[in-house]
Amino acid sequence: MPISVEEAQRLVLEHAAALPAEDVPVAEIDGRIAAAPLQARWDLPQRDVSIMDGYAVRSLDVATLRACSSALVLTVRGESAAGHPSDAPLGEGHAARISTGAVLPAGSDAVIAQEDTRREGDRLVIDGDSLGTLEPGTFVRPAGSELREGDVVARVGRRFGPGDIALLAGSGHATVPVHRRPTVAILSTGDELVPVGQRPDPGQVVSSNGLVLAAMVRRAGAIPIDLGQVDDEPERLRAALARGLEHDVLVTSGGISVGDHDLVHAALMALGARVVFRGVALRPGKPTTFAVTDGARAFGLPGNPASSLVAFVLFVHPLLRRLLGVRGDPRSATMRVRLHAPARGAGNRAHYVRARLIDTQPLDGGTEGPLAQPLSVQQSGDPCSIAGADLLLALPPGAGTLPAGSQVDALVLDPSSAEQPEP
Ligand code: AMP
Ligand code: MG
């Protein structure tokens, strides 16, 4: 009896720890995972800066003028422009021209927006009505208000996005330690395969699995290494597998069930790999095999397109996320969906039913939630069913037939969009 999906996932993750760190330029951290905590190297902003184009003033001067004069008039002295701070302290009764992002001159504590003023030569006439009371700090971004030197700007396990580039570059990090990305060798096996671009003769199929798997690997954030295809011939197969085992991960498709031409398992054993499991109580994807060597983890996935996709999502993807340094549960997130039509279990195996997500809006009758339409074709060889699927409905072993309206868990088929929450 093959092992359960959960047990197989547990065994796979026993062979997955985050790969060592490497330093990469901050411009290249999008999608990478922090391998060390990072702290701001200086205050942000470093000095009080203006958030408006206008005039830096002493708020007390304006208050005093308001109390004893009908006109609010200051004398313009000096300028502080972005990148060109003024050295001169601001004297009593003076205003300095200032631009957005520029440092406030010493002595000033507020900014009056240009719209609230009028210039008459050196005289700055302030429109008291639109200005209102000028509080200290008006239109000023104070020094250290965003970050203090030493504040944490990235925790270990953080998956960086474009915004982190701004944060880390701005706080002093030209390079960033991230976990090395695994290389994933991909090998397609089978006498019947022809390369993409070639018209298959009867009995042949275009080898598409490798391309699909490479796309999935890339989405996971790892580096696919295309080993192409190899026929069902023991010597050549073994040589190709040996090259694959030089990488962090090897993923093969085809040749892993029990037919006379299914040679991958024997070839992996001949290469000294230790088989961790062979077969999982799952449909599609039952023959899925996992083996390890000292340096590599190898997945033998079945050749049918849907089988290899399901097995990738369930087993390879979590392993890659762990190697990449993702914290928490690396398995793809599930969502709760309601069946729009009945779905049938697969006896004592877990059935991963390809389905389309047809609604994420609240439904009539007050029941909320996403609705899943199981695709009519569930043949594991059918490429239409994988192209049309958004979800894999996870029907547990012994589920029988679930009627329309049943609630089931579903895996989102774009695993990169189904991130686990940050730790
Ligand atoms: P196997 O797991 O080797 O028995 O292959 C099962 C079926 O999957 C084959 O008969 C092919 O139709 C299909 N198949 C195998 N390898 C590929 C591939 N690389 N691309 C597309 N289909 C494949
Ligand atoms: Mg085959």
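A residue counts as near a molecule when one of its heavy atoms lies within 4 Å of it. Keep in mind that this is a predicted model, where local features need pLDDT of at least 70, side-chain atom pairs count only at pLDDT 80 or more, and totals for chains, interfaces and linings use all residues. Residues are numbered from 1 along each chain as its sequence is written, ligands are numbered from 1 in the order in which they are written, and side-chain values use heavy atoms, with hydrogens and water left out.

Start by selecting ligand 1. Of the 14 residues around it, S207, S208, G255, G303 and N304 come nearest. That shell divides into four nonpolar, nine polar (Gly is counted here) and one charged.

Now show the polar contacts (pairs of N or O atoms within 3.5 Å). Click on S207: an N or O atom in its side chain is 3.1 Å from a nitrogen atom of ligand 1. At N209, a polar backbone atom is 3.2 Å from a nitrogen of the ligand. Over at G303, a polar backbone atom sits 2.8 Å from a ligand oxygen. On its own, ligand 1 exposes 490 Å² (1.4 Å probe), and the protein buries 76% of that.

Next, hop to the loops. Select L44 and P45, which are joined by a cis peptide bond with omega about -15 degrees. Another cis bond runs from R283 to P284, with omega near -5 degrees. P284 lies in the loop between strand 19 (282–283) and strand 20 (289–292); strands are DSSP runs of E, at least two residues.

Last stop: F139, which has a positive phi of about 55 degrees although it is not a glycine.

Key
A polar contact is a pair of N or O atoms within 3.5 Å; within protein, one must be able to donate a hydrogen and the other to accept it, and residues adjacent in sequence count only if both atoms are side-chain atoms. Helices (H or I, at least four residues) and strands (E, at least two) are DSSP runs, numbered from the N terminus.
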